[in-house]
Amino acid sequence: MTLQAPKGTFDWLPPRSEVALAVREALTAPVRRAGYGYVETPVFEDTALFVRGVGESTDIVSKEMYTFTDKGGRSLTLRPEGTASVVRAVLQHGLHNGQLPVKLWYSGSQFRYERAQKGRYRHFWQVGAEALGAEDPALDAELIVMAADGYAGLGLTGVRLLLNTLGCRECRPAYRAALQDFLRALDLDEATRQRVEINPLRVLDDKRPEVQAQLAGAPLVVDHLCEACKTYHEEVRALLTASGVIYTDDPRLVRGLDYYTRTTFEFVHGGLGSQSAVGGGGRYDGLSEMLGGPVLPGVGWALGVDRTVLAMEAEGLLDREEAASRVQVYGVPLGEEARRRMFLLITELRRAGLDADMSFGGKGLKGAMKGADRSGAGYAVILGERDLAAGSAQVKDLASGDQTAVPLAEIVETLKERLRK
Ligand code: AMP
């Protein structure tokens, strides 16, 4: 048997891979327009970064990391998410000493040892944006609006925004204690009991029906917010409403990462089954300090490219994207000399800015024309021996079937002209 890609991973192949690129472009276009700069961090980091920056009690750190020892004896981990690395890079290079907020975006592979299923992979692709160094509700709102605009830019209509606040270091401890009191009285298994002690908010996120059934009367953060958190959250909501972004308050929305404070949000899509989250994020005011840095409030999101493609598929938007032509012009050379001349012509067309391909492998007219049809090109340029002798080629409009002889020296200009229409 030939080798297969590892469990939980898959290959992006054309034309679907083109959709993935288009999704990356569309989701990051609003961010780039808003002046966020591109950051690229290593795919692996010191394991300690994620242990400290994501949190030991999270599933990500306790169960899902791809950790290995390198030949120098260092413990390294393939990144399971992007935020910790971005904050590490900001601190390491002192970006926070310049103009604030520092605004950055990234795009790339993430790795989590998860139970593989549709929409949940061990290697997946996220785009992310982070703004560090300002605690301003307008920044939280800006990020949420940009993500919503990104999805809308792809033509998606079924993405819903869930919004919550998790309080801050002033009000969260009292809420946490109240929640713990409530949870300790429930009938929970040992692992969940431990979670109650370490990260009680995460228990609210437990999807098991036997746990959910017991959570009906659980205290909610909204009822324990301090005045500052209330005002902050109201401002975020008002800005979203003013921007025309529709959201649903979800008082039970928590995030799997320890460092989130205040604003937290998730984008979900109804067509994805159990893995419904297409993106999420929030404010993480304590993260910098956890990594040994100064006080540096931050807010950001990560959007799943893979799941966004699935959402587009669920809405029937992929057919349109996939039908897009691969090239505009396709060369069909017949005979040895024609092939050589065609190679130059195609090179010339590409240099003139047209998308062009040609038939390779010495195919005859029939096979080469099949290639032209499959390429989605609007025009085929057919070059036979008689054409060569006459110093021209046949330009065939593949939609109408019309064919005209055009002097070789005028082909580039002719096609440029015709394709402009
Ligand atoms: P998170 O970093 O967990 O907040 O995830 C942000 C987004 O990344 C999610 O909303 C998903 O769209 C995507 N995502 C997270 N985990 C996976 C996974 N295992 N496979 C595919 N996409 C994922």
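**Figure 1. Domain 1 and domain 2 have centres that lie 47 Å from each other**. The distance is taken over C-alpha atoms. The structure shown here and in the following views is a predicted model. In the domain assignment of the protein, domain 1 is made up of two stretches, residues 16–171 and residues 225–319. Domain 2 covers residues 326–420.

**Figure 2. The second largest pocket holds about 290 Å³ of space**. Its lining is formed by 15 residues. Those nearest the centre of the pocket are Ala148, Val159, Arg160, Val245 and Ile246. Two elements, α5 (residues 137–153) and β7 (residues 159–165), each contribute at least two residues to this lining. The most is given by α5, which supplies 4 residues. Sorted by class, the lining of the second largest pocket comprises 10 nonpolar, 3 polar and 2 charged residues.

**Figure 3. Helix α5 packs against helix α10**. Two packed helices are described by the angle between their axes and the distance between the axes. For α5 and α10 (residues 227–242), the angle is about 40° and the axes are 9 Å apart. The two helices are therefore oblique to each other. Their crossing is right-handed.

**Figure 4. Helices α6 and α7 cross at roughly 160°**. The axes of α6 (residues 172–184) and α7 (residues 190–198) come within 9 Å of each other. Because angles over 145 degrees count as roughly antiparallel, α6 is roughly antiparallel to α7. The crossing of α6 past α7 is left-handed.

**Figure 5. The largest cavity has a volume of about 30 Å³**. Rolling a probe the size of a water molecule over the atoms shows where empty space is left. The count of cavities of 30 Å³ or more comes to 1. Six named residues are to be located in this view: Thr41, Arg79, Gly82, Val86, Tyr106 and Gln110 line the largest cavity. By class, this lining consists of 2 nonpolar, 3 polar and 1 charged residues.

**Figure 6. A cis peptide bond joins Pro14 and Pro15**. The omega angle of this bond is about 5°. Pro15 is placed in the segment before α1, a helix that spans residues 16–33.

**Figure 7. A cis peptide bond links Leu100 to Pro101**. Here omega is about 0°. Pro101 belongs to the loop between α4 (residues 83–92) and β5 (residues 102–111).

**Figure 8. Arg262 has a positive phi value**. The angle is near 45°, in a residue other than glycine. Arg262 is located in strand β9, which runs over residues 261–269.

Terms used: Residues numbered from 1 in each chain as written. Predicted model: local features only at pLDDT ≥ 70, side-chain atom pairs only at ≥ 80, totals over all residues. Heavy atoms only, no water. Domains from an automatic or database assignment. 1 Å grid on protein atoms, 1.4 Å probe; cavity = no way out; pocket = protein on both sides within 12 Å on 5 of 7 lines; lining within 4 Å. Points joined across faces, edges and corners; volume = space filled by probe spheres on them. Nonpolar A, V, L, I, M, F, W, Y, C, P; charged D, E, K, R; others polar. Axes fitted to C-alpha atoms, helices over the stretch in contact; angles between N-to-C directions. Parallel < 35°, antiparallel > 145°, perpendicular 65-115°, else oblique. Left-handed = near helix turned anticlockwise from the far one by under 90°.
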